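Please examine the sequence and the three-dimensional structure shown below.

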Amino acid sequence: MKKFLILFFLLSATTLYSQTKVKTYKNTLGYYNNYTKQFDLNEYTYAEITFTFYDDYISVNDEAHSIYRIIRVLPKETYREYSITSTKCLDERNRECKVALIRYNNGGFSIDLLYEDKAYIYVVN
């Protein structure tokens, strides 16, 4: 909950925090299915990845050393079982994507990197 609140304020252009680090412990990759209009996700695997959130970009210590430049904060979405705080970003290859911070009512938390054809889902400790 505390991590989510910090990330929410950071992504809302608050200048109280210059950087926030979040570690994940597992991830998965999914491909968009045009028939079902959803991402088909692979099995989750162990992955200790650190996301560092700055005022105007997100740095990831993955194999590609990804950097996502925030171009627009999107309105918060609230559903019965979870809420989403997200931004439109440009990655290091200048491809547009959505970075979504998802907080589940059961206490779970994930960071989703969504492209048109792929989704990278990271589960936070």
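In this predicted model, Asn 94 has a relative accessible area of 55%, and it therefore counts as exposed, since the exposed class begins over 50%. Asn 94 is placed in the loop between strand E8 (82–90) and E9. Its backbone deserves attention as well: Asn 94 is not a glycine, yet its phi is positive, at about 70 degrees.

His 65 belongs to the loop between E5 and E6. Its relative accessibility is 59%, so His 65 is classed as exposed. His 65, although not a glycine, has a positive phi of about 50 degrees.

Ile 71 is part of strand E6, which covers residues 67–73. Because its relative accessibility is 39%, Ile 71 counts as partly exposed. Lys 88 stands 17 residues from Ile 71 along the chain, but the C-alpha atoms of the two are 5.7 Å apart. When residues up to four places away in sequence are set aside, Ile 71 touches Lys 88, Cys 89, Leu 90 and Glu 96.

Which residues have the most contacts inside the largest nonpolar core? They are Phe 51, Phe 53, Ile 58, Tyr 68, Val 99 and Ile 111, in a core of 19 residues. Two or more residues of this core come from each of E6, strand E4 (50–54), strand E5 (57–60), strand E9 (96–104), strand E10 (109–114) and strand E11 (118–124). Beyond its neighbours within four places in sequence, Tyr 68 is in contact with residues including Ile 58, Val 60, Cys 89, Leu 90, Val 99 and Leu 113.

Key:
Residues numbered from 1 in each chain as written. Predicted model: local features only at pLDDT ≥ 70, side-chain atom pairs only at ≥ 80, totals over all residues. Heavy atoms only, no water. Helix = DSSP H or I, 4+ residues; strand = E, 2+ residues; numbered from the N terminus. Buried < 20%, exposed > 50% of the residue type's maximum accessible area, 1.4 Å probe, protein only. Contact = heavy atoms within 4.5 Å. Core = buried A, V, L, I, M, F, W, Y, C linked by side-chain atoms within 4.5 Å.
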